[in-house]
Amino acid sequence: MLKISSVSKTFFPGTVNERRALVDVNLTLDDGDFVTVIGSNGAGKSTVLNTVAGRIIQDTGTVSLGGRDISRLKEHQRAAYVGRVFQDPMAGTSPNLTIEENLALADKRGKTRGLGLGVTSGKRERFAEALKVLELGLENRLKAKVGLLSGGQRQALSLLMATYTQPKVLLLDEHTAALDPQRAELVTRLTRKIVEEQGLTTLMVTHNMNQALEVGNRLIMMHEGRIILDVDAQRKTQLRPEDLLEEFARIKGGVMDDKTMLQ
Ligand SMILES: Nc1ncnc2c1ncn2[C@@H]1O[C@H](COP(=O)(O)OP(=O)(O)OP(=O)(O)O)[C@@H](O)[C@H]1O
C-alpha cells in the first residue's frame, strides 16, 4: 500500500517566486491499484511523483510504502522500492551500454553495486525471456548498444527496466507523451500488460484524457496542488473526456483552457 498523508510542498517560500506545489495532499493506493493522474499545467502531478520517489522531500506530511514511513529516505535509498519512467525516452537507459548491460543495471537497482556489469549466461537467458514480453525482437539483440534503438524501443526497454525487480510502486511521468501515436499505443499496451501481470501499484501522469480513462482502475484530477476529483473504476468506465472537462469547470468554476487536456 502507498499512503501519502497530508503532504504539502512549497518551493521558494517567502519569496516572490513562491510556488505552493502541493497543499495537504492525501492519497492511498491499495496494492495493485493503477491510478491515472491528470490536471492542468503546474497542478502538482510531477511533484507528487517526486515526493514518492524521494527526489523532492515534502515540507510536511508523510509518504509510506507497505506500512513503512519512507518520507526521509533519500532517492537512492528508495530505488529498491520505486520504479520510474520519465517522458524522455533517453532518460531511462544508458545509450553507450548494450541492452543486456542496461538490464544488468536494472537487476542491480537498490542492491549494493558490484564493480562490473558481468552478464552470466543464466542472467542472459533471464534477460532474453523478459525482453520477449515487449514483442520487439530485442531478445535477439542483447549485445546491441541501446543508443541504436528508436525512441519507442528505448521507452519500452525503460519500462521493462523500471519494473524488472518488481518495485513496490511504479511511477510513470507522461511516459508516452514524447512518442508518435503508434509507439505511444505500443508502450501503453505494454504498460497495461506488465502492470497487470506483476500486479504493480502504479501512478501514471498523463495529459491524454482518453488514455487516463482507458488505463488503470482509478483516476485523480489535480489543480493548484490539490486533488480535486477522485474517480473509481466503475465510474471511470462511464466517463468521456468531455465529462472530465465539465467536471473540472464545475469544480473550479472555470474553463479548462489547456489544449493538451483535450487530446
Ligand atoms: N524543483 C522545483 N523548483 C521550483 N519550483 C518547482 C519545482 N518543481 C515544481 N515546481 C513548481 O511547482 C508547481 C507544480 O509543478 P509540477 O511540475 O508538479 O506540475 P505538473 O502538474 O506536473 O505540471 P505539468 O503538467 O506542466 O508538467 C509549479 O508551479 C512548478 O513551477
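**Questions on a predicted protein model**

Trainee: Leaving aside its neighbours within four places in sequence, with which residues is Leu97 in contact?
Mentor: This is a predicted model, in which local features need pLDDT of at least 70 and side-chain atom pairs count only at pLDDT 80 or more, while totals for chains, interfaces and linings use all residues. Residues are numbered from 1 along each chain as its sequence is written. Two residues are in contact if their C-beta atoms, placed from the backbone, lie within 7 Å. Once the neighbours within four places in sequence are set aside, the contacts of Leu97 are Asn102 and Val146.

Trainee: Is Leu97 buried, exposed or partly exposed?
Mentor: A residue is buried if 20 or more other C-beta atoms, placed from the backbone, lie within 10 Å of its own, exposed if 12 or fewer, and partly exposed in between. Leu97 lies in the loop between strand S6 (82-85) and H3; helices (H or I, at least four residues) and strands (E, at least two) are DSSP runs numbered from the N terminus. Because Leu97 has 16 C-beta neighbours inside 10 Å, its class is partly exposed.

Trainee: How far apart in space are Leu97 and His207, C-alpha to C-alpha?
Mentor: In sequence, 110 residues separate Leu97 from His207. In space, their C-alpha to C-alpha distance is 32 Å.

Trainee: Why is H3 described as largely enclosed by the rest of the structure, and which elements do its buried residues pack against?
Mentor: Seven of the 10 residues of H3 are buried, so this helix is largely enclosed by the rest of the structure. The buried residues are Ile99, Glu100, Glu101, Asn102, Leu103, Ala104 and Ala106. The elements against which they pack are H4 and H5.

Trainee: At what angle do H3 and H4 pack?
Mentor: Two packed helices are described by the angle between their axes and the distance between the axes. Axes are lines fitted to C-alpha atoms, for helices over the stretch in contact, and angles run from 0 to 180 degrees between N-to-C directions. Helix H3 (residues 99-108) and helix H4 (residues 121-132) have axes 10 Å apart, at an angle of about 95°. With angles under 35 degrees counted as roughly parallel, over 145 as roughly antiparallel, 65 to 115 as roughly perpendicular and the rest as oblique, H3 is relative to H4 roughly perpendicular.

Trainee: Which residues of H4 meet H3?
Mentor: The contact of H3 with H4 has three nonpolar, no polar and four charged residues. Here Ala, Val, Leu, Ile, Met, Phe, Trp, Tyr, Cys and Pro count as nonpolar, Asp, Glu, Lys and Arg as charged, and the others, Gly among them, as polar. From H3 come Glu100, Leu103, Ala104 and Asp107, and from H4 come Lys123, Arg124 and Phe127.

Trainee: Is Leu149 buried or exposed?
Mentor: Leu149 is placed in the loop between H4 and H5. Not counting residues up to four places away in sequence, Leu149 touches Arg154 and Leu157. Because Leu149 has 20 C-beta neighbours inside 10 Å, its class is buried.

Trainee: What is phi of Glu135, a residue other than glycine?
Mentor: Glu135 is also found in the loop between H4 and H5. With 13 C-beta neighbours inside 10 Å, Glu135 is partly exposed. Its phi has a positive value, near 55°.

Trainee: Which element gives the largest share of the shell around the ligand?
Mentor: A residue is near a molecule or strand if its C-beta atom, placed from the backbone, lies within 6 Å of it. The ligand is surrounded by Phe11, Arg19, Ala21, Gly39, Asn41, Gly42, Ala43, Gly44, Lys45, Ser46 and Thr47. Two or more of these residues come from each of strand S2 (19-29) and helix H1 (45-53). The largest share, three residues, comes from H1.
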